[in-house]
Amino acid sequence: MKNKRVLMAMSGGIDSSVSALLLREQGYELVGATFRTFDYIKESCLAREKGCCSVESIMEAKHFAESLGIEHHILDFRQIFRDHVIANFVEEYQRGRTPNPCVLCNSHIKWGELLAAADQYGCDFIATGHYAQIAQFNGHYYLKNAIDTHKDQTYFLWMLTEENLKRTIFPLGGYTKDEVRQLAMQHHFEKLAKKSESQEICFIPDNDYRHFLAEQGCRIEEGNFVNNEGKVVGRHKGYCNYTIGQRKGLGVAFGDPKYVTHIDAERNEVTIGDRDELYCTEVHATDVRLRDVEWLRSSPEVLARIRYKSPAAPATLMIDDDFEATKRIRLHFAEPVWGVTPGQSVVLYKDGLVIGGGLIES
């Protein structure tokens with residue numbers, strides 16, 4: 001692999017920067033790329049060093065590339081990001097669902113537009129600072145869990161195809177976050193090692209997605225809170241302001257703790273109930289991608305993760321007979337799982353390999 005040319009996605013943060021250091025030490029010829037996805041200039045974005053939307057982050061990446069003596073490009077992906085990621089984000093909330101924009105961004109931007117840029121700059125591979133690994137099994141390429149289970153990001157990468165993985169390098173997959181910080185210190189990038197991490201959606205650096213939705217023209221109208229019998233028990237501030245499993249911020253005192261259990265966009269109704277009502281044993285998913293359908297039909301026992309921070313739970317995979325046309329599956333969990341949320345991803349694992357995923361429908 002030495003002397004191969006790699007387009008390194010550089011955000012200005014520690015993970016992509018240390019990835020670049022590691023690849024350079026391994027003999028790769030690097031080209032740096034930083035992309036603009038959204039201009040959302042707020043004081044909080046710059047002051048808190050949060051989100052990749054800021055001009056400051058872009059310039060930090062450029063300066064780091066210059067310090068390594070590597071070619072660097074700033075790529076303008078704002079329009080395609082708006083068309084694919086932000087449009088879907090708003091549309092899903094308007095449908096009463098809770099989207100995961102990072103999944104679409106990885107598929108359409110980082111492994112769509114970035115691969116096209118790699119071709120343009122004559123690069124054999126692209127590399128990112130994600131905590132994930134790549135493995136081969138049964139003649140297929142798979143995502144594999146990172147060594148650092150607390151930082152593993154395979155959940156957000158399930159849409160990547162085999163063709164994507166064949167041209168991808170994840171330099172950090174075999175490192176823990178602490179080791180990555182140590183590497184930055186060893187290379188005398190102390191400021192980088194101490195830099196804070198972003199936990200928010202990159203285009204909403206203040207984490208106020210409700211305000212963002214309103215700015216994008218999302219319908220925000222008051223409606224009824226109802227219980228499971230359909231009885232009105234209060235007024236809400238617009239169904240887009242809520243997500244399944246939400247307890248805080250309901251704006252109404254119900255005595256006992258209540259949780260959002262269902263959202264009906266057409267009726268502008270939000271159903272609330274007890275925590276136990278959010279447990280279920282069966283999940284339906286659409287827009288599913290499976291790496292090896294015939295293998296999974298014969299070996300349907302999997303581990304399934306219904307959200308990023310949830311542990312993967314044992315489940316039996318049931319694939320539609322006409323899967324190639326429907327792209328639908330059902331999962332029956334061995335034990336009830338809590339807070340299944342339409343619009344979020346369910347990601348399937350076997351022996352640490354990502355064998356598929358889909359969007360939760362119900």
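Me: How many residues of the lining of the second largest pocket are nonpolar, how many polar and how many charged?
Reply: This is a predicted model: local features need pLDDT of at least 70, side-chain atom pairs count only at pLDDT 80 or more, and totals for chains, interfaces and linings use all residues. Residues are numbered from 1 along each chain as its sequence is written, and side-chain values use heavy atoms, without hydrogens or water. Ala, Val, Leu, Ile, Met, Phe, Trp, Tyr, Cys and Pro count as nonpolar, Asp, Glu, Lys and Arg as charged, and the others, Gly among them, as polar. The lining divides into 7 nonpolar, 5 polar and 4 charged.

Me: What is the volume of the second largest pocket?
Reply: A pocket is an open set of points on a 1 Å grid over the protein atoms alone, with protein on both sides within 12 Å along at least five of seven lines; lining residues have an atom within 4 Å of a point. Points are joined across faces, edges and corners, and volume is the space filled by probe spheres set on them; the probe is 1.4 Å. For the second largest pocket this gives about 310 Å³.

Me: Which element gives the largest share of the lining of the second largest pocket?
Reply: Strands are DSSP runs of E, at least two residues, and helices runs of H or I, at least four, numbered from the N terminus. β10 (259-264) and β12 (279-290) each give two or more residues to the lining. The largest share, 3 residues, comes from β10.

Me: Are α4 and α5 roughly parallel or antiparallel?
Reply: Axes are lines fitted to C-alpha atoms over the stretch in contact, with angles from 0 to 180 degrees between N-to-C directions. The axes of α4 (78-94) and α5 (101-120) come within 9 Å and cross at roughly 165 degrees. Angles under 35 degrees count as roughly parallel, over 145 as roughly antiparallel, 65 to 115 as roughly perpendicular and the rest as oblique. The two helices are therefore roughly antiparallel.

Me: Which residues of α7 meet α1?
Reply: Contact means heavy atoms within 4.5 Å. From α1 come I14, D15, V18 and L22. Their partners in α7 are K177, V180, R181, L183 and A184.
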